[in-house]
Amino acid sequence: MSEASLGASLSGFMQDGAHILPLRVYYEDTDFSARVYHASYLRFMERGRTELLRAVEVAQSDLHAEMGGLAFVVRKMTIDFLGGAVMDDVLTVVTRPKDMRGASMTLAQEVRRGDEVLVRADVMVAAVRGGRAVRIPDELRAALTAGV
């Protein structure tokens with residue numbers, strides 16, 4: 001497998017305006033009861049948001065380097081834990097843009113096992129530079145809303 005195709009498979013894919021990221025649950029993701037530890041879902045969703053940007057050809061490292069230190073920070077998160085996963089489960093993180101404002105955007109995310117939704121969250125992230133909120137770049141805004 002070429003490095004390009006391997007990278008594409010690790011990054012998930014876009015489908016119907018949403019980013020889909022498959023992942024497997026490992027021992028390190030679980031707690032003493034062998035169920036996925038609640039904070040692991042936050043990491044899974046962070047990967048989903050990162051790979052959404054990569055899927056629209058905007059790497060966070062490039063944003064930071066090329067736009068004077070631009071970064072995204074989580075401002076607010078509403079999360080519902082609806083079910084639990086266990087080691088070796090194959091999960092899917094679904095991430096879709098929900099709302100876009102000047103310096104912030106809200107992303108709707110789900111962690112699923114097959115058709116079952118285990119976790120549902122709305123995550124508001126803010127664009128910042130030097131500790132201050134800044135407008136989300138127009139090219140990123142256009143790329144994220146193209147499939148919506």
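This is a predicted model: local features need pLDDT of at least 70, side-chain atom pairs count only at pLDDT 80 or more; totals for chains, interfaces and linings use all residues.
Q: Is E110 buried or exposed?
A: Buried means under 20% relative accessible area, exposed over 50%, and partly exposed in between (1.4 Å probe, protein chains only). E110 has 16% relative accessibility, so it counts as buried.

Q: Which side chains does the side chain of E110 make a polar contact with?
A: A polar contact is a pair of N or O atoms within 3.5 Å; within protein, one must be able to donate a hydrogen and the other to accept it, and residues adjacent in sequence count only if both atoms are side-chain atoms. Here the E110 side chain meets that of R112 at 2.6 Å and that of R120 at 3.3 Å. As for contact in general, that means heavy atoms within 4.5 Å. Not counting residues up to four places away in sequence, E110 touches T92, V93, V94, V117, V119 and R120.

Q: Which strands pair with β2, and in what sense?
A: Two strands pair if DSSP finds at least two bridges between them. Strand β1 (residues 13–15) pairs with β2 in the antiparallel sense over three bridges. These two form a hairpin with two residues between them, and D16 in the turn has a positive phi of about 55°. Strand β4 (residues 90–100) also runs antiparallel to β2, joined by six bridges. Follow I20 to see both pairings: its bridge partners are F13 and, in β4, V94.

Q: Why is β2 largely enclosed by the rest of the structure?
A: Five of the seven residues of β2 (residues 18–24) are buried, so the strand is largely enclosed.

Q: How do I read a pair of aromatic rings?
A: You describe such a pair by the distance of the centres and the angle of the planes. Rings of Phe, Tyr and Trp (its six-membered ring) pair if their centres lie within 6.5 Å; planes under 30 degrees apart count as stacked, over 60 as edge-to-face and the rest as tilted. A search of the whole structure turns up two aromatic pairs. In one of them, Y41 and F44 have ring centres 6.0 Å apart and planes at 85°, so they are edge-to-face. Both are in helix α2, three residues apart, so about one helical turn separates them. Y41 is buried at 2% relative accessible area, and F44 is buried too, at 0%. Ring pairs link Y41, F44 and F81 into a cluster.

Q: Which residues have the most contacts inside the largest nonpolar core?
A: In soluble globular proteins, nonpolar side chains tend to be buried together. A nonpolar core is a set of buried Ala, Val, Leu, Ile, Met, Phe, Trp, Tyr and Cys residues joined through side-chain atoms within 4.5 Å. The largest one here has 30 residues, and F72, L91 and L140 have the most contacts inside it. Its largest share, six residues, comes from β6.

Q: Which residues of helix α4 are buried?
A: In α4 (residues 138–145) they are L140, R141 and L144.

How values were computed:
Residues are numbered from 1 along each chain as its sequence is written. Side-chain values use heavy atoms; hydrogens and water are left out. Helices (H or I, at least four residues) and strands (E, at least two) are DSSP runs, numbered from the N terminus.
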